[in-house]
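Here is a short tour of a two-chain model, written for someone new to reading structures. Have a look at it first, then follow along below.

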Amino acid sequence: MGTSFWLSPAFILAAAVTLGAGCYSYIYLPYQMRRSYRQSLLTLARAVETKDVGAEGHGERVASYVTEMAKEMKLPAKEIRKLEYAAFLQDIGNVRVPHAILNKRGRLTKQEFEILKSHTVVGAEMVEQITFLRDIAPVIRQHHECWDGSGYPDGLKGEEIALGARMLAVATAYDSMLSRRAYRGRKGEEQAIAELRAGSGTKWDPAIVEVFLKVLKKRHKAQGRAS
Amino acid sequence: MFSNPPQGSAWLELLGFFFLICASDWFPVSLPGTITEITMTMPAVLGLFIIHGVWATILVSAPAFFTSSIATHRRGWPIRTLISHTAFNTASITVCIATGSLAYMLAGGLPFSAGMNITYADVILPLMIWVFVTSSTDTILVATAGSLYMGEPWRMHAVPRIRWMIPNLLVTWPAGVLFAYLYDVYGIQGIILMIVPFMVGRKALDQYSKQMSAYRETITTLGVYMQHYHPYTKGHLERVANLADKIAKQMGLAMRSLEFMKDAGLLHDIGKVGVDEGILDKVGQLTDEDWAIIKQHPARGAEILAQMKYLEPIVPWVRGHHERPDGKGYPDGLKDGAIPLEAAVLAVADAFDAMTGGPDEKDRRVYRTPLTLDQAIDQLRYGAGTQFDPRVVKAFMQVMAKQEAEGGN
């Protein structure tokens, strides 16, 4: 046997098969699986979005802002993935908010507003019970908190608010300003940016607003190059 | 019969095979999305047969199966189960090898023995017969034992195994021959050549299927929570899932269907997520527009589920859970045979639970007063053939009769 064994076609074939099977099952399959998992979460999130007329695609757009911000901030890949899922699922608690309240034109009564606010808590409670999603519960619960403590549900302040929630808050606000909702018309990009600047330090974490504006600038540059 | 009894260093070789077979049997690979497990056991047994003949094969395999049965028994099994399980495995591998070898001889396979110059070409076909007969015997024995033990129909145990026989045959036969060949040429190193790729694949597949079921569970659970727009839904979904599962088992549906039946029950109304609950819960007369919206939910649910790879099999079931055999259902107006049986199972389970409601007051639907158990059963019987699949209704009655016999309500 000796050296001839290590050079034999049988050995080379076996080594190739091992390598191939290894790559397939350790690299390709997990990749595929994570993709379809992401797709499934997104689909469920979209099903909820249809309830809130005008919100279609909101989660997906916010997710793309948030991932870009996270990359800008050099967060680890695992955190980025978590943030993306949190962005998809941030408004999942809306399943318990009646259609009539979500799409009401004009002012909500105090009671109706309380119900609307409950979507943060409900959404967090839902994901908290699921092992794989437990981590993102605080982000979902806190995505309507404000930097100065004027948000809901817990009135947290500054860095008491989870980083992911602070990021979601900025991206969500910007995306909502650009889209038309039952309760108000659409705003222009310039106006939205001005509003973000004005609210930086009161509504939103100023550092995060900076990051977000950088991401927007980068996007503009990329678009400029493309056209 | 085939060969001389092993002598001298051959005993050491046989010991090597003993450990090999034990190890292969200990570490099965479960294929994702199925209940099937594959092992390198049968290729190893075939390799042993080719090299040492029938007596040595039985001599090594029976103790190897005995050992691995004891080693792999599930924790918490009573001692009697362990004994009968081990005895069955040991006896069945002996019977399988014996019948396989007999068939091999009848098919013109020559006995292997040292000194006789048999080329692989001479025995390649008889070896296929060996594999075929061995695995058929195994299927028959396991299915019979399983159905006797569990008190379930034979078909339910046999069908999924028979379905796996062909791919199994196509793997075991060449793998076994290759096994023997490599051993012949390279000795023990040749065996390692076969085992290493297998172990790598095994480990990876195992991890994959674990992760996949975790993901699937996550998605299903999230889907269930999303349907809880109303307090009654939770209990309803769980009861429908359990009842559908029982009916499907009673009917002896394919393993794959059984595996997904609970998910289907839990997610059958996912198409209602995002629909205005003002319509879903409306008291009083629904307008045509309301109906049109409500009738969209099976198709919408199927659309949602079609995006989720883990739940692919249940897409047509969910789409069809409001179809009727007389063609008056929605969304496609399918008739009798065109409706997937699993969808018909969901329809009966869903209708029954909607009619009776749960034990709690809050589980009741707003728009009707619940029927008693007998009234609901009468309704199903009355609708058999028009609204419901009669086969499913029959199985449902049997499930109910069983429950009553067990002293439940």
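Predicted model: local features only at pLDDT ≥ 70, side-chain atom pairs only at ≥ 80, totals over all residues.

## Where the chains touch

Two residues are in contact if their C-beta atoms, placed from the backbone, lie within 7 Å. By that rule, the contact between the chains takes 33 residues from chain A and 34 residues from chain B. On the chain A side, the elements giving two or more residues are α2 (9-49) and α5 (99-102). Those labels come from DSSP runs, numbered from the N terminus: helices are H or I with at least four residues, and strands are E with at least two.

Which element gives the most to the side of chain A that touches chain B? That's α2(A), with 19 residues. Sorted by class, this side of chain A has 22 nonpolar, nine polar and two charged residues. Here Ala, Val, Leu, Ile, Met, Phe, Trp, Tyr, Cys and Pro count as nonpolar, Asp, Glu, Lys and Arg as charged, and the others, Gly among them, as polar.

Residues are numbered from 1 along each chain as its sequence is written, with chains lettered from A and ligands numbered from 1 in the order in which they are written.

pLDDT is the predictor's confidence in each residue, from 0 to 100. Chain A has a mean of 88, and 94% of its residues reach 70 or more; for chain B the mean is 82, with 88% reaching 70 or more. In chain A, helix α1 (residues 2-7) has the lowest mean, 64, and helix α7 (residues 137-141) the highest, 96. In chain B, the lowest mean belongs to strand β1 (residues 29-30), at 62, and the highest to helix α12 (residues 315-319), at 95. Watch out for residues 1-6 of chain B, where pLDDT stays under 50.

## Helices crossing in chain B

Helix α2 (residues 41-72) and helix α5 (residues 154-186) of chain B pack at about 50°, with their axes 8 Å apart. Axes are lines fitted to C-alpha atoms, for helices over the stretch in contact, and angles run from 0 to 180 degrees between N-to-C directions. So α2(B) and α5(B) are oblique to each other: under 35 degrees counts as roughly parallel, over 145 as roughly antiparallel, 65 to 115 as roughly perpendicular and the rest as oblique. Their contact has 11 nonpolar, three polar and no charged residues.

Now try helix α13 (residues 341-356) and helix α15 (residues 390-405) of chain B, whose axes come within 9 Å and cross at roughly 50°. That makes α13(B) oblique to α15(B). B:A344, B:V345 and B:V348 in α13(B) meet B:V392, B:V393 and B:F396 in α15(B). The residues of this contact are six nonpolar, no polar and no charged.

Most residues other than glycine have a negative phi, and most peptide bonds are trans. A:K74, however, has a positive phi, near 60°, and is found in the loop between α3 (58-72) and α4 (77-89) of chain A.

Is the peptide bond from A:Y152 to A:P153 cis or trans? This bond is cis, with omega near 5°, and A:P153 sits in the loop between α7 and α8 (163-178) of chain A. The bond from B:Y330 to B:P331 is cis too, with omega near 5°, and B:P331 lies in the loop between α12 and α13 of chain B.
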